[in-house]
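I opened the model today to look up a few local features. My notes follow in the order I made them.

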Amino acid sequence: MAVYVFSLVVGYLPHGVDNAQGYRAQILKDFPGSIKYVFTDLPRKQDIDYYSRVGIHAEEMLSVHQYFTDARSLRSTVKTRDKLEELKKSLLYTDVKYLDNEIRLLKNGTVLATIMLDENEKDYCCGTQYFSTGKLIRTEKYMEGACYIEYYITAKSGVKSYAKLVRRTFCNCEGAVAYNQIFEGKKEWYLFPDGRILTKSQLLAEFVRKLNLTQQDTVLLDRSAQFDFVQPLFQFGNKARFISVFHSGHYFEKGEDTNRLYLNYEYYYWFKYTNHIDAMVVSTQEQKIELIEKLQEYGFSIPEIEVIPAGGIDCLRYPETDRRPYSLISVSRLDKRKKIDWIIRSVIKAHQMNPEISLDIYGRGNGEHTQYLQNIVSSNQAQSYIRFMGQVDVAEIYKNYEVFITASLWETLGLSMMEAVASGMAMIGLDVKYGNRLFIQPDVNGALVDFDVSCLNDEEKLITEMAKKIVDIFSDKERLEKFHQCSYKIAQGFFSEMIQKKWMNLIARKA
């Protein structure tokens with residue numbers, strides 16, 4: 001019995017789906033069968049490291065590209081010392097330069113080769129770059145041995161020259177060629193020694209066939225059906241049990257999101273494949289009810305639908321000293337959808353009424369939006385009480401603050417909110433589906449700010465209401481302490497053991 005999770009993504013900013021996958025990996029750590037988390041795109045070292053940090057072990061990761069070699073491990077196994085000695089023997093170098101994350105071999109000041117060190121274990125290296133007259137010509141990437149080799153030519157874009165990738169050779173453990181990947185413009189092909197030439201979709205189809213899925217196996221689909229691995233799975237893996245996991249809100253009122261109307265694309269694609277899906281997983285009962293309504297409205301079949309929160313908590317966290325008085329914390333990506341600008345502006349208003357109120361913002365986003373948020377703070381001379389803390393592990397940080405605040409327009413569950421109630425925080429957020437209504441109970445552990453689509457046309461009114469809620473929640477210390485205790489009670493419904501049992505029962509159930 002095996003579980004295959006599709007898919008781990010490559011080249012994207014950290015996302016709530018990734019964190020949910022990490023939570024679930026920890027929840028399922030005692031699963032009796034094997035669990036493999038699949039990269040359908042070739043992972044970089046930083047992708048492997050990132051998923052390791054969120055809780056998925058490298059031994060559990062499976063790369064489609066590496067699957068066609070005899071190497072399986074995604075860990076770095078090439079020792080820096082050995083590679084350096086090898087290069088010293090093969091290159092006519094005059095100098096070796098040691099830097100934090102790389103070792104350079106030079107000849108008369110020109111770089112011949114660069115050994116790229118594993119940032120976590122510098123006794124191991126993850127690759128070597130080779131140069132000719134200062135131009136990159138070849139890169140070796142290491143996981144279990146020499147995993148693959150990339151070949152470059154010098155090309156031009158306008159007046160600038162750059163290293164253009166033209167071929168990637170995947171190797172077996174002993175160095176023999178397993179197959180080649182050829183690039184021509186935006187097209188790519190895979191050439192095998194037996195003469196087969198495959199496209200990317202054909203390679204994925206061949207991968208699914210090689211998995212030899214049976215009725216005892218389960219496939220968890222964490223990504224939208226628009227991804228190119230889905231059709232091969234349904235075509236060649238139809239003996240397995242398919243479970244799609246819905247990580248985001250799926251229905252949008254007119255004007256609620258300028259990029260979407262009605263159905264989220266993720267759900268639109270899954271709706272078309274409901275005949276192939278054995279079960280769907282949502283995070284809240286409210287989401288399940290709405291999902292059933294939409295499936296019925298659009299005339300699609302309704303598979304089994306299970307409510308299993310996207311994450312769980314291992315314990316309740318209590319402050320070791322008094323919480324910082326009048327302190328708020330925000331934890332999320334610095335993304336337009338999260339409306340951190342509303343939080344900042346509401347805290348500025350609240351601070352005018354109570355100068356002791358402060359806000360710390362945890363998370364990161366793209367540079368342009370981050371700068372926009374920082375400009376709001378600086379233009380209002382609010383740097384002394386509104387701080388940007390960057391992206392750090394906040395598991396043990398929540399408990400030092402009194403109030404968690406969110407202005408996100410929708411959260412399917414809201415892992416940061418779950419972590420916040422597990423640290424006994426009072427809560428403030430918009431009255432939006434789904435997670436806010438689950439974790440924020442008005443006058444029990446915090447406050448919900450009235451919200452509908454019309455609020456988007458009158459932001460100032462909404463911000464004023466948020467500011468009032470902020471001032472009010474700090475106005476009664478005895479009530480605030482009750483809010484803290486009630487949050488701990490709410491969190492008890494999300495212990496990992498309970499979530500684990502739900503997942504175990506669902507996976508063990510046969511189609």
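Which residues does Asp 217 touch, not counting residues up to four places away in sequence? I found Met 1, Ala 2, Asn 212, Ala 240 and Arg 241. I keep in mind that this is a predicted model.

**Asp 217 and its loop**

I placed Asp 217 in the loop between helix H5 (200–211) and strand E15 (218–221). Is Asp 217 buried or exposed? Its relative accessibility is 8%, so I count Asp 217 as buried.

Next I went to helix H10, residues 367–379. I noted 13 residues and a reach of 18 Å from the first C-alpha to the last. That is close to the 18 Å expected at 1.5 Å a residue.

Which residues of H10 are buried? I listed His 369, Thr 370, Leu 373, Ile 376 and Val 377. Why do they share a side of H10? They cover an arc of only 115 degrees around the axis, which puts them on the same side of H10.

The buried residues of H10 pack against helix H9 (340–353) and strand E23 (386–390). The face turned away from the buried side carries Gly 367 and Glu 368, both exposed.

Gln 381 lies in the loop between H10 and E23. I read a positive phi of about 50 degrees there, although Gln 381 is not a glycine. At 59% relative accessibility, Gln 381 counts as exposed.

**H1 against H11**

How do helix H1 (residues 16–27) and helix H11 (residues 415–422) pack? I have an angle of about 50 degrees, with the axes 10 Å apart. H1 and H11 are therefore oblique to each other. On the H1 side, the contact is made by Gly 16, Asn 19, Ala 20 and Tyr 23. H11 brings Leu 415, Met 418 and Glu 419. I sorted the residues of this contact into four nonpolar, two polar and one charged.

Ala 310 was my next stop. I located Ala 310 in the loop between strand E20 (304–307) and strand E21 (327–331). Leaving aside neighbours within four places in sequence, Ala 310 is in contact with Ala 20, Tyr 23, Ser 283, Leu 413 and Leu 415. Among these, Ala 20, Tyr 23 and Leu 415 also take part in the contact of H1 with H11. Ala 310 and Gly 424 are 114 residues apart in sequence and 20 Å apart in space, C-alpha to C-alpha.

**Cis peptide bonds**

Last, I looked at peptide bonds. A cis bond joins Phe 6 and Ser 7, with omega about -5 degrees. Ser 7 belongs to strand E1 (residues 2–8). I noted a cis bond between Lys 433 and Tyr 434 too, with omega about -5 degrees. Tyr 434 lies in the loop between strand E25 (426–430) and helix H12 (435–439).

How values were computed
Residues numbered from 1 in each chain as written. Predicted model: local features only at pLDDT ≥ 70, side-chain atom pairs only at ≥ 80, totals over all residues. Heavy atoms only, no water. Axes fitted to C-alpha atoms, helices over the stretch in contact; angles between N-to-C directions. Helix = DSSP H or I, 4+ residues; strand = E, 2+ residues; numbered from the N terminus. Parallel < 35°, antiparallel > 145°, perpendicular 65-115°, else oblique. Contact = heavy atoms within 4.5 Å. Nonpolar A, V, L, I, M, F, W, Y, C, P; charged D, E, K, R; others polar. Expected span 1.5 Å × (residues − 1). Buried < 20%, exposed > 50% of the residue type's maximum accessible area, 1.4 Å probe, protein only. Arc of directions from axis to C-beta.
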